[in-house]
Amino acid sequence: MNDAKWSEVDNYITNHLIGDDPVQRQVLERNREAGLPPIDVSTPQGRMLELLIKGVGGKNVLEIGTLGGFSTIWLARGLSEDGRVVSLELEPEYAKVARENIASAGVLPSVEVKIGQAADSLAELAESGSHFDFAFVDADKENYPVYLDWCCRLVRSGGMIVFDNVVREGEILNPQSADPKVPGTRQLYEKIAGRDDVEATAIQTVGEKHWDGFLLAIVK
Ligand code: DHB
Ligand code: MG
């Protein structure tokens with residue numbers, strides 16, 4: 001097995017189970033033109049997020065890390081009626097592109113992109129009494145432990161939290177990793193292991209996005 005074959009399998013999955021998606025193709029093209037880093041979830045992964053939200057009956061969804069809105073659009077597609085996605089993004093330039101993309105996907109009325117440090121936005125959301133059925137965390141890995149604490153506060157009992165990039169080509173095994181994003185991810189595992197209010201697992205993935213994984217947690 002190699003990366004080329006993993007991508008071919010992603011295409012096979014997409015062709016059989018998801019189908020052509022001109023909207024999201026254009027989103028990725030716009031992101032590329034705008035110079036955004038191509039670190040979105042893959043199409044099968046995005047579809048999985050949509051289906052997980054449908055599975056929990058997601059009406060209020062939180063995203064930490066909007067980037068260009070590719071994943072945000074998948075999240076919005078999973079919403080139940082009158083549902084909303086609140087997506088947090090640090091970079092105003094990314095948020096601008098994301099809003100254009102989200103509008104072109106026809107889901108702008110159900111999405112709010114909040115610009116700023118996610119920790120500040122999360123504190124505001126808590127202050128205003130917001131609660132969520134589902135949270136997707138795909139932002140600065142250094143703060144994953146902080147985002148875990150906030151998500152456990154903001155996601156309702158029975159709701160789901162999904163973290164992206166929790167395997168990083170196996171580097172999570174390495175306490176001395178040269179990848180600066182590894183320590184925060186390792187702390188995420190350690191913190192979850194020490195909490196008794198979440199049940200969790202992590203699933204390794206290969207595909208167009210190489211070898212990585214998702215961590216899934218349900219709030220008790
Ligand atoms: C990186 C971040 C991501 O969220 C991702 O999915 C892949 C790579 C990164 O910062 O390297
Ligand atoms: Mg990611």
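Two residues are in contact if their C-beta atoms, placed from the backbone, lie within 7 Å of each other. This tour applies that rule to a predicted model, in which local features need pLDDT of at least 70, side-chain atom pairs count only at pLDDT 80 or more, and totals for chains, interfaces and linings use all residues. Residues are numbered from 1 along each chain as its sequence is written, while chains are lettered from A and ligands numbered from 1 in the order in which they are written.

**The whole chain**

Helices (H or I, at least four residues) and strands (E, at least two) are DSSP runs, numbered from the N terminus. The C-alpha atoms fill a box of roughly 40 × 40 × 30 Å along the principal axes. Buried residues make up 42% of the 220 residues. A residue is buried if 20 or more other C-beta atoms lie within 10 Å of its own, exposed if 12 or fewer, and partly exposed in between, with C-beta atoms placed from the backbone.

Select Cys-151 next. Leaving aside residues up to four places away in sequence, Cys-151 touches Ala-135, Val-137 and Ile-161. These belong to the largest nonpolar core, of 57 residues, where Ala-135, Val-137, Tyr-147, Cys-151, Ile-161 and Phe-163 touch the most other members. Helix H7 (residues 144–154) gives the most to this core, with 6 residues. A nonpolar core is a set of buried Ala, Val, Leu, Ile, Met, Phe, Trp, Tyr and Cys residues joined through C-beta atoms within 7 Å.

**Helix H2**

Now select residues 22–33, which form helix H2. Which residues of H2 are buried? They are Gln-24, Val-27 and Asn-31. Seen down the axis of H2, the buried residues fall within an arc of 50° and so line one face of the helix; the arc is that of the directions from the helix axis to the C-beta atoms. On the other side of H2, Pro-22, Arg-25, Glu-29, Arg-32 and Glu-33 are exposed. Show helix H3 (43–56), helix H4 (70–78) and helix H5 (92–104) as well, for they are included in what covers the buried residues of H2. After H2 comes Gly-35, with a positive phi near 80°.

**The hairpin**

Finally, select strand S6 (residues 198–205) and strand S7 (residues 212–219), which pair in the antiparallel sense over 8 bridges. Two strands pair if DSSP finds at least two bridges between them. Gln-204 stands opposite Gly-213 in S7. The hairpin has 6 residues between the strands, and Gly-207 takes a positive phi near 155° in this hairpin.

Notes
The expected span of a helix is 1.5 Å times one less than its number of residues.
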